[in-house]
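Hello,

Here is the structure I promised to pass on. My notes on it follow below, with the cut-offs spelled out as they come up.

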Amino acid sequence: SRSPSSAPSPSHPAPRSPRDTLAELRHLAPLSAMAALPGGAQIWSELLANQAFVAGSISWAFAQVGKIFTYRLTHNKWRIKALLDSGGMPSSHTSLCTAVTATAALVHGFHSTIFVVSLAFCLVVMYDAAGVRRHAGKQAEALNKILRSSIEWEMDLAAIELKEVLGHTPLQVLAGLCVGIITAVLVHMRW
């Protein structure tokens with residue numbers, strides 16, 4: 001029950017929700033490869049209407065872009081390839097799963113099964129990022145030192161280079177956790 005003076009007009013449109021904006025963007029779905037599949041446009045339409053998918057995607061993208069800036073701060077040079085790194089600050093894996101988990105809590109409640117499943121998944125990802133993958137990176141670093149000192153060997157092992165930055169420090173995981181929660185809350189507030 002709006003008064004005539006508060007009704008939307010062409011010069012003062014009604015406030016738009018993110019869902020309305022996403023509905024307008026759905027016409028872009030045919031540009032994707034998935035849209036070419038039977039039902040592909042419908043899949044994109046449903047994903048873009050899913051709050052957890054949107055929050056997780058935004059959080060992951062923000063964390064990945066943030067790696068460019070944190071690399072600049074720590075190494076005093078720009079490195080765009082940091083955008084594709086699996087390690088670094090903040091942890092985009094943690095950011096993604098934390099945003100999805102926080103969204104499940106905000107939408108379905110802390111008592112919901114989907115929140116508990118998301119939380120279990122999120123804890124495994126964070127443990128893996130700061131534990132197993134980090135230690136695998138340290139082992140790769142040690143092996144690279146051994147391989148570089150293999151000049152005396154008949155085989156040219158010095159040409160082999162293992163990827164050393166695989167996991168995250170606990171601080172990088174914590175930063176990803178914060179990015180994920182903040183993103184989920186902001187998306188939920190705007191939804």
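A residue is called buried when its relative accessible area is under 20%, exposed when it is over 50%, and partly exposed in between (1.4 Å probe, protein chains only). Valine 54, at 12% relative accessibility, therefore counts as buried.

Before going on, some housekeeping. This is a predicted model, where local features need pLDDT of at least 70 and side-chain atom pairs count only at pLDDT 80 or more, while totals for chains, interfaces and linings use all residues. Residues are numbered from 1 along each chain as its sequence is written, and side-chain values use heavy atoms, with hydrogens and water left out.

**Overall picture**

The chain has seven helices and zero strands, so its pattern along the sequence reads α-α-α-α-α-α-α, where helices (H or I, at least four residues) and strands (E, at least two) are DSSP runs numbered from the N terminus. Of its 191 residues, 31% are buried.

Contact means heavy atoms within 4.5 Å. Among contacts between residues at least 6 apart in sequence, 62% join residues at least 24 apart. On the subject of sequence separation, valine 54, which sits in helix H4, is 134 residues from histidine 188 in sequence and 9.9 Å from it in space, C-alpha to C-alpha.

**The core and its surroundings**

A nonpolar core is a set of buried Ala, Val, Leu, Ile, Met, Phe, Trp, Tyr and Cys residues joined through side-chain atoms within 4.5 Å. The largest one here has six residues: Cys97, Cys122, Val125, Met126, Ala129 and Val173. H6 gives the largest share of this core, four residues.

Leaving aside neighbours within four places in sequence, cysteine 122 is in contact with Cys97, Thr98 and Thr101. Threonine 98 belongs to helix H5 and, at 4% relative accessibility, counts as buried. With the neighbours within four places in sequence again set aside, threonine 98 touches Cys122, Met126, Leu177, Gly180 and Ile181.

**The second largest pocket**

On a 1 Å grid over the protein atoms alone, a pocket is an open set of points with protein on both sides within 12 Å along at least five of seven lines, and lining residues have an atom within 4 Å of a point. The second largest pocket holds about 150 Å³ of space, the volume being the space filled by probe spheres set on the points, which are joined across faces, edges and corners. Helices H4 (51–75), H5 (92–108) and H6 (113–148) each give two or more residues to its lining, and H5 gives the most, with five.

The lining consists of Asn50, Gln51, Ala52, Val100, Thr103, Ala104, Val107, His108, Ile114 and Ser118. By class that is five nonpolar, five polar and no charged residues, counting Ala, Val, Leu, Ile, Met, Phe, Trp, Tyr, Cys and Pro as nonpolar, Asp, Glu, Lys and Arg as charged, and the others, Gly among them, as polar.

**Two loop residues**

Glycine 109 lies in the loop between H5 and H6 and, at 15% relative accessibility, counts as buried. Beyond its neighbours within four places in sequence, glycine 109 is in contact with Ala104 and Phe115.

Asparagine 76 is in the loop between H4 and H5 and counts as exposed, at 62% relative accessibility. Its phi is near 60°, a positive value in a residue other than glycine. Most residues other than glycine have a negative phi.

Best wishes

Conventions:
On a 1 Å grid over the protein atoms alone, a cavity is a set of points where a 1.4 Å probe fits but cannot get out, and a pocket is an open set with protein on both sides within 12 Å along at least five of seven lines; lining residues have an atom within 4 Å of a point.
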